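Hi,

Here is the structure I promised to pass on.

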Amino acid sequence: MTALAKLSDEIRQYLIITTNYWAFTLTDGALRMLVVLHFYSLGYSPLQIAMLFLFYEIFGVITNLVGGWLGAHIGLNKTMNIGLLLQVVALSMLLVPSEWLTVIWVMAAQALSGVAKDLNKMSAKSAIKLLVPKEENGQLYKWVAALTGSKNALKGVGFFLGGGLLTLIGFKGAVLVMALGLMIVWIFSLFSLKQELGRAKNKPKFSHVFSKSQSVNVLSAARMFLFGSRDVWFVVALPVYLSTSFGWDHWYVGGFLALWVIGYGAVQGFTPRLTTRSKHRLPDGKDALFWALALSLIPVMIAVALSYNWHKELVLIVGLMIFGVLFAINSALHSYLIVSYAGEDGVSLDVGFYYMANAMGRLIGTVLSGWLYQSYGLGFCLWVSALFIVITAVISLYLPKHKRASVSI
């Protein structure tokens, strides 16, 4: 605590926000893996499991739309703390007797968790814009990449934590441990996070939640299809396929997906160096287009290999690794661009609208993941993934191609 007090106010607030984001992400990743594996072991079909996340994604869409407006009115510190508290409540809802854990009850808990997650994420990403001076775009790129990358690495650890805790102490024990840990973080955040952070000087009307910026709208559309392309095979289809086709147990599935997301997060943290090394310039729409086209090739190659039964396990694992690297770069580029495009006053409005599109992509991908896998198999999910990425690339053609300012990374 003494060392934290000696830091500059901006750095201290950045670290508090990042710590909150990390703690929340651990529970979010672990809960997702717990729900998928636990309810699959109870005999739920892939489509039924996907439906458990339906409200999670739907309320994520609503929260991002409303949360940006709310953050501009009451401050990002309050929306972040509300998100932490709601996640504690959502976890507590899963501690009821087993006979109460009906589909509707779990969907309701997941809905609350969806609200909590997107309040937390919108608050964290918006706050970074306010902590970096306007002229320091290179620093903004690095801070956004670091926050996003570390968050996804921790989400991977959460996957492993969920699979491990499920095996060691069972579903309820795992949920209880996470709820107590997050409550401690919430209490700390209440007393340490800066007041008034992100409150707009001019209170926006609710109609302002729909962005009037063309660049924000175009990037939001690209983001929707980008994340739909990932979740259409990653959320339900992949864990179930690994378990049924390769015979992997909970430890293997949770551990492998954890390592994938950890690596994905690490690449995001290094994206500023990967995308600016040759020209030392900040990225724009051309970079988003290039990396989307590169990503579109990977699900096609995996789908072809699976259709010919050509070293399926090896191809899927290696293909996932390559997909993770390229997807991480695409995601980090988008995360920087939205913070760069967002207006200074009421930044949470633009960021909230963008993450509303992100949540919509996850919703579409999650539902399709269960339905398409159950009906047509993993290969078809991969073809749909490739189609979504191509649409992302086409939309990226309309992103601004500015004259890039030089930057030192």
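Below is what turned up, starting with the salt bridges and ending with a histidine.

One thing to keep in mind as you read: this is a predicted model.

How many salt bridges does the structure hold? There are two.

One of them joins the side chains of Asp-118 and Arg-362, with 3.3 Å from N to O. Asp-118 sits in helix H6 (residues 103-131) and Arg-362 in helix H13 (residues 347-376), so this pair ties together parts that are 244 residues apart in sequence. Are these two residues buried or exposed? Both Asp-118 and Arg-362 are buried.

The other salt bridge is between the side chains of Asp-231 and Arg-230, and here the N to O distance is 2.8 Å. Asp-231 has a relative accessibility of 3%, so it counts as buried. Arg-230 comes out at 7% relative accessibility, so it counts as buried too. Buried here means under 20% relative accessible area.

Then there is His-38, which you can find in helix H2 (residues 9-41). Its relative accessibility is 17%, and because the cut-off for buried is under 20%, His-38 counts as buried. Which residues does His-38 touch, leaving out those up to four places away in sequence? They are Leu-166 and Phe-171.

After that, go to His-38 in helix H2 and pick out Leu-166 and Phe-171, which His-38 touches.

Cheers

Definitions and conventions
Residues are numbered from 1 along each chain as its sequence is written. This is a predicted model: local features need pLDDT of at least 70, side-chain atom pairs count only at pLDDT 80 or more; totals for chains, interfaces and linings use all residues. Side-chain values use heavy atoms; hydrogens and water are left out. Helices (H or I, at least four residues) and strands (E, at least two) are DSSP runs, numbered from the N terminus. Buried means under 20% relative accessible area, exposed over 50%, partly exposed in between (1.4 Å probe, protein chains only). Contact means heavy atoms within 4.5 Å. A salt bridge is a side-chain nitrogen of Lys or Arg within 4 Å of a carboxyl oxygen of Asp or Glu.
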